[in-house]
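Keep the viewer open as you read.

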Amino acid sequence: MFDIGFSELLVIGVVALIVIGPEKLPRVARTIGHLAGRLQRYVADVKADINREIELDELRKMRDSMQQAAADMETSVHSELSRTADDLNESLQAGEAKAPAQETKDEQKAG
């Protein structure tokens, strides 16, 4: 996180010892340690929340694309079914039109 070397930490420790004093330094160091731990946990929680939100957003996008694909497929199937039904109806009507004409030909041959 921070690029602090050993020499910088040593200088900070000596300055803290002089400013705070040897009696209060352990208590201050402990408090700083607790605060640093809380800060790390808080940062980790925020990162985890952000990652969860990103994953949820990706899942929502995937769900939306799947729903769109399903709707497209349904539309395609419905259009193909209606086209097939129209073709069958046309074939059936053409067959009915040919059937009476065929019957009259058969009657003419028989008669």
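The text below turns to the pocket and then to the salt bridges.

This is a predicted model: local features need pLDDT of at least 70, side-chain atom pairs count only at pLDDT 80 or more, and totals for chains, interfaces and linings use all residues. Residues are numbered from 1 along each chain as its sequence is written, and side-chain values use heavy atoms, without hydrogens or water.

The lining (residues with an atom within 4 Å of a point) has 11 residues. Leu9, Ile12, Gly13, Ala29 and Ile32 lie nearest the centre. Helices H1 (6-20) and H2 (25-110) each supply at least two lining residues; helices here are DSSP runs of H or I, at least four residues, numbered from the N terminus. H1 gives the largest share, 5 residues.

Now the charges. There are 4 salt bridges, each a side-chain nitrogen of Lys or Arg within 4 Å of a carboxyl oxygen of Asp or Glu. Asp49 pairs with Arg52, the closest N and O atoms being 2.6 Å apart. These two are 3 residues apart in helix H2, about one helical turn. Lys61 and Asp57 form another, at 3.7 Å from N to O. They sit 4 residues apart in helix H2, again about one helical turn.

Technical notes
1 Å grid on protein atoms, 1.4 Å probe; cavity = no way out; pocket = protein on both sides within 12 Å on 5 of 7 lines; lining within 4 Å.
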